[in-house]
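Subject: Handover of a structure with its ligand

Dear colleague,

Please find below the structure that I am passing on to you. I would be grateful if you could look through it before reading the notes that come after it.

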Amino acid sequence: MELFLDLSVQLAPKHKQGLLLANPVMTSSGTFGYGTEYSHLFDIQKLGAIVCKGTTLNPKDGNSQPRIAETPCGMLNSVGFQNIGVKTLVKEKAPIWAKWRVPVVVNINGDTIDEYAQLTGELDGIAGISALEVNISCPNVEHGGIAFGTDPKQAAGVTAAVKSATSLPVLVKLTPNTGDIASIAVAVAEAGADAITVINTIKGMAINIASRRPLLGNIIGGLSGPAVKPVALCMVYEVAGAVDIPVIGCGGITTASDAIEFIMAGASAVQVGTANFINPHSALDILEGIEEFMKKERINNLTEIIGVARQ
Ligand SMILES: Cc1cc2nc3c(=O)[nH]c(=O)nc-3n(C[C@H](O)[C@H](O)[C@H](O)COP(=O)(O)O)c2cc1C
């Protein structure tokens with residue numbers, strides 16, 4: 001008998017309007033542009049959601065070159081917040097997104113709590129934006145970013161400020177570069193986050209032995225790709241055990257079985273990042289692989305396997 005598969009997930013169950021995804025496969029911030037760049041490659045409307053490049057109040061050029069280095073099973077990046085700025089995003093990108101079926105989440109970054117709140121205000125009530133993802137976790141910018149993500153009080157402060165400036169669902173993206181990610185997760189959940197994304201990149205660096213200098217212009221970058229997967233999976237497991245809001249798993253997800261591992265660890269959805277640079281179809285391939293797995297295992301509803309490895 002043909003199975004009717006239900007892959008839908010609700011990522012903001014405590015929020016009035018909610019954030020219902022048709023399926024759990026999202027693309028991660030900074031690895032899928034504004035979605036528009038990929039729309040000619042495959043039917044991006046089939047994805048669960050798209051998270052756009054980290055957005056700031058003013059346009060930014062990002063860090064100095066070189067900004068990318070390959071590592072065994074991964075990559076280092078120190079792109080920083082190269083982006084078009086919130087005003088251009090609202091004027092040029094949101095009207096395109098408003099015509100899409102796939103929800104778009106805007107990833108936001110500020111240097112101060114006030115800046116996060118101001119940025120949030122600019123994005124509130126704009127058609128085409130389904131939710132915000134607050135990045136308190138970037139390891140390669142001078143101000144803000146990671147500082148907010150490593151102190152529970154500051155993390156809660158940013159979350160509360162963003163929540164009070166918007167009617168949209170708010171996801172908070174955590175850094176792995178902290179001693180106790182679960183306590184940060186609890187702080188942002190208590191401050192009103194609707195869901196938590198785990199993880200951003202892990203701090204890393206490389207040295208060019210010929211020039212005897214750090215390889216990245218910014219010296220320190222963020223490690224991503226398959227190399228970080230076991231770390232990310234473990235953190236998803238820890239965070240999912242500490243909070244009662246949805247967790248979105250991210251970090252090294254390259255195949256459907258990677259994604260299913262994160263879901264079994266407690267993630268309600270997954271984000272595909274670095275894999276997009278190797279195969280731009282990755283997210284769709286992962287979605288199809290999850291569907292195949294569900295058919296093979298006779299799983300009707302994806303929620304049946306969320307967190308099963310925890311029991
Ligand atoms: C080139 C590049 C740019 C990124 N830019 C952002 C960003 O602007 N905001 C953000 O929250 N995360 C950013 N990230 C982090 C990713 O969204 C993701 O959390 C991380 O790479 C781990 O997932 P992955 O191993 O699947 O890539 C970036 C990652 C890469 C590789």
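Predicted model: local features only at pLDDT ≥ 70, side-chain atom pairs only at ≥ 80, totals over all residues.

I began with the residues around the ligand. There are 24 of them, and Ser-29, Lys-173, Gly-225, Gly-252 and Thr-274 come nearest. Sorted by class, this shell consists of 16 polar, six nonpolar and two charged residues.

The side chain of Lys-53 places an N or O atom 2.9 Å from an oxygen atom of the ligand. At Gly-54 it is a backbone N or O atom that lies 3.1 Å from a ligand oxygen atom. Asn-200 again uses its side chain, with an N or O atom 3.4 Å from an oxygen atom of the ligand. On its own the ligand has 610 Å² of accessible area, and the protein covers 97% of this.

Where does the ligand sit? The space it takes is the largest pocket. This pocket has a volume of about 470 Å³, and 32 residues line it. Those nearest the centre of the pocket are Ser-29, Thr-31, Asn-77, Asn-200 and Thr-201. Two elements, β6 (74–77) and β14 (221–224), each give two or more residues to the lining. By class, the lining has 19 polar, eleven nonpolar and two charged residues.

Yours sincerely

Methods:
Residues numbered from 1 in each chain as written. Heavy atoms only, no water. Near = heavy atom within 4 Å. Polar contact = N/O pair within 3.5 Å; in protein donor to acceptor, adjacent residues only side chain to side chain. Areas by Shrake-Rupley, 256 points an atom, 1.4 Å probe, with all protein chains shown as cover. 1 Å grid on protein atoms, 1.4 Å probe; cavity = no way out; pocket = protein on both sides within 12 Å on 5 of 7 lines; lining within 4 Å. Sits in = over half its atoms within 2 Å of the grid points. Nonpolar A, V, L, I, M, F, W, Y, C, P; charged D, E, K, R; others polar. Points joined across faces, edges and corners; volume = space filled by probe spheres on them. Helix = DSSP H or I, 4+ residues; strand = E, 2+ residues; numbered from the N terminus.
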